[in-house]
Amino acid sequence: MAQALTTTDLQGALPLVARGKVRDLYEIDDKTLLFVASDRISAYDVIMENGIPNKGVLLTLCTQTWFKALKEANPSLRTHFITLDLPPQIPESLRPVLQNRSMQVRKLRILPIEAIVRGYITGSAWNEYKKSGTVHGIKVPAGLQESQAFPDGPIYTPSTKAEQGEHDENIHPDQAVAILGERYASTIAKMAIDLYKTAHEYALARGVIIADTKFEFGVDEDGEVVLADEVLTPDSSRFWPKDSYAVGRGQASFDKQFLRDWLVSEGLKGKEGVRMPDDIALKTAEKYQEAWEKITGGKI
Ligand code: ATP
Ligand code: MG
């Protein structure tokens, strides 16, 4: 298997501002960041020791494809994307490894809410529903089956954006209002639902169901809300193949379900320092590749 890039080293070409679970952020100037997707993979909020070769490239190109499609559907949408071109500060020697896994983005103040939209009931939402008939505290119709589409359309189910090492917490939309204030909370709730609807239709035409996804938004210097981060990737979304979809059970998905299932079966869920065996890494890589090919029609 090809070598995975688990950490970036720009050798001082740009100052590092932050390392997330997957991305390394560097400052180009006071308005612009270099947003570099590594091949790191996390599951249950823990980063694996080894990575998935080329995953950062897939995530970057997938995000770029979506920004383009979403802007075509709604030209007034603002996104943080500037270009895939590397800035002049990056020396020749580093360019091959950074190319296509980096984007220049507008530096924003990120709103501290994960704007999750769910079109179908699954995962933690399904678990909560079975216990209490609610999803993030929202009352939803009785009698739903696992993986069923919400009968009244997709629902907005935010979570907190936890500090490093902590877990995001599912919250009711009213709590997002308390955190962000009415104006930003209602703007991102509406934007997230609209973006999900556009993306769902686009992916469905390509044989993929987007069961749920997570957006992040930032605020620019004019106070305008801007779509940020990665969008509609297998890391931030649950993608299901349309062909094999059926209600009343869990779905085979194009995301990290495979890795998650392996961690659970080995009793490694939430443990630090786990090294994925080659076959698990390879199968996960195939899933990412498959999702990317279906949605973008692209090959790498
Ligand atoms: P975190 O818990 O920090 O959100 P993460 O593990 O999901 O972590 P990554 O996806 O690896 O983080 O890194 C991306 C980070 O960059 C996130 O913290 C995200 O909120 C932030 N971010 C995304 N877009 C921008 C932007 N335009 N300006 C500033 N920060 C951004
Ligand atoms: Mg992230």
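The legends below describe close-up views of a predicted model.

Local features are taken at pLDDT of at least 70 and side-chain atom pairs only at pLDDT 80 or more, while totals for chains, interfaces and linings use all residues. Residues are numbered from 1 along each chain as its sequence is written, chains are lettered from A and ligands numbered from 1 in the order in which they are written, and side-chain values use heavy atoms, with hydrogens and water left out.

**View 1. The open sheet of five strands.** Its strand order is β1-β2-β3-β7-β6, with antiparallel pairing. β1 (16-19) and β6 are the edge strands, each pairing on one side only. From one strand to the next the twist averages 35°. Strands are DSSP runs of E with at least two residues, and helices are runs of H or I with at least four, numbered from the N terminus. Two strands count as paired if DSSP finds at least two bridges between them. Axes are lines fitted to C-alpha atoms, for helices over the stretch in contact, and angles run from 0 to 180 degrees between N-to-C directions.

View 2. β1 and β2 form a hairpin with three residues between them. Three bridges join this antiparallel pair, and A18 has L25 in β2 as its bridge partner. A second hairpin links β2 to β3 through two residues. Here the antiparallel strands share six bridges, and D29 is opposite T32 in β3. Five of the seven residues of β2 are buried, so this strand is mostly covered; buried means under 20% relative accessible area, exposed over 50% and partly exposed in between, with a 1.4 Å probe and protein chains only.

**View 3. Strand β7 and its two partners.** Because four of its five residues are buried, β7 (residues 102-106) is largely enclosed by the rest of the structure. β3 (residues 32-37) pairs with β7 in the antiparallel sense over five bridges, and L34 stands opposite Q104. β6 (residues 81-83) is also antiparallel to β7, joined by two bridges. In that pairing F81 is opposite V105, and T83 has Q104 as its bridge partner. Helix α1 lies across β2 (23-29), β3, β6 and β7, running at about 45° to β7.

**View 4. Helix α7 and its buried face.** The 19 residues of α7 (residues 278-296) should span 27 Å at 1.5 Å a residue, and the end C-alpha atoms are 26 Å apart, which agrees; the expected span is 1.5 Å times one less than the number of residues. I280, A281, T284, A285, Y288, A291, W292 and I295 are buried in α7. Seen down the helix axis, these buried residues fall within an arc of 135°, so they line one face of α7. The arc is that of the directions from the helix axis to the C-beta atoms. Covering the buried residues of α7 are elements including α1 (55-73), α5 (182-204), β14 (208-219), β16 (237-241) and α6 (257-265), where contact means heavy atoms within 4.5 Å. G297 follows α7 and has a positive phi, near 70°.

**View 5. Helix α6.** The buried residues of α6 are L259, R260, W262 and L263. Seen down the axis of α6, they fall within an arc of 160°, so they line one face of the helix. β4 (42-43) and α7 are among the elements that cover them. Just after α6, G267 takes a positive phi of about 70°.
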